[in-house]
Amino acid sequence: MSNINHFPSRKTVEKLRDTYREGTVVILDHMSDPQAPPSGTFGVVECVDDIGTVFVKWSTGGGLGVAYGEDSIHVASAHEEALYKIQCESKIQHDGSRCPRCGEVMPGSLHTHALSRRAEIIVCDKCGQEEAIEDAAQAGLFKNSKPQKQIEDWYICVQQEVR
């Protein structure tokens, strides 16, 4: 049964505002609107209104609100938030930009550097080699003294705010 005509209590709205603070990265689970972005779409919370609608800036470019009692979203895990930040950065990467993994400037043309094995983004040659060594060590081809660097620990994820 739909709750679309049932407005949440003030306490419920405050709980929603606490959970979905401005700037929180969320993921769409389900939305009952023909204009909705696909399930799994990332977004950033802009605000929660007095009837519990969570307004989100979706990565697809829309701003459709998540209706209380009708639609569902969840707060992104640290790993999911890292993927979102990397996805955003990949759209604006350019020649001479910083490596999203280590933060070093990548000289020359972007296309001459390595495609990450962890996410769909270009990384510097050194980081590309480190990822290959990590994978080889994990496959048992040789011992690597360093553990695999998690994307949550990448420069782009720890040094920059969500765009």
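The numbered points below go from the whole chain to single elements.

1. Basis of the note. This is a predicted model, in which local features need pLDDT of at least 70 and side-chain atom pairs count only at pLDDT 80 or more, while totals for chains, interfaces and linings use all residues. Residues are numbered from 1 along each chain as its sequence is written, and side-chain values use heavy atoms, with hydrogens and water left out.

2. Fold and extent. Four helices and six strands make up the elements of the protein chain; helices (H or I, at least four residues) and strands (E, at least two) are DSSP runs, numbered from the N terminus. Their order from the N terminus is α-β-β-β-β-α-β-β-α-α. The protein chain is more spread out than a compact globule, because its radius of gyration is 20 Å, well over the 15 Å that the globule rule gives for 163 residues. That radius is taken over C-alpha atoms, and the rule is 2.2 Å times the number of residues to the power 0.38. The C-alpha trace spans about 60 × 35 × 25 Å along its principal axes.

3. Burial. Of the 163 residues, 36% count as buried, meaning under 20% relative accessible area with a 1.4 Å probe, protein chains only.

4. Helix α2. This helix covers residues 78-92, and its 15 residues should span 21 Å at 1.5 Å a residue; the end C-alpha atoms are 22 Å apart, which agrees. The expected span is 1.5 Å times one less than the number of residues. Buried in α2 are Ala 82, Tyr 84, Lys 85, Ile 86, Cys 88 and Glu 89. The buried residues of α2 pack against β1 (25-30), β2 (42-48) and α4 (155-159), where contact means heavy atoms within 4.5 Å.

5. Gly 108. Where is Gly 108 placed? Gly 108 lies in the loop between α2 and β5 (114-115). Leaving aside residues up to four places away in sequence, Gly 108 touches Asp 95 and Gly 96. Gly 65 is 43 residues from Gly 108 along the chain, and their C-alpha atoms are separated by 42 Å.

6. Helix α3. The 14 residues of α3 (residues 125-138) should span 20 Å, and the end C-alpha atoms are 20 Å apart, which agrees. Cys 127, Gly 128, Glu 131, Glu 134 and Ala 136 are buried in α3. The buried residues of this helix pack against β5 and β6 (122-123). Just after α3, Gly 140 takes a positive phi of about 85 degrees.

How values were computed
Buried means under 20% relative accessible area, exposed over 50%, partly exposed in between (1.4 Å probe, protein chains only).
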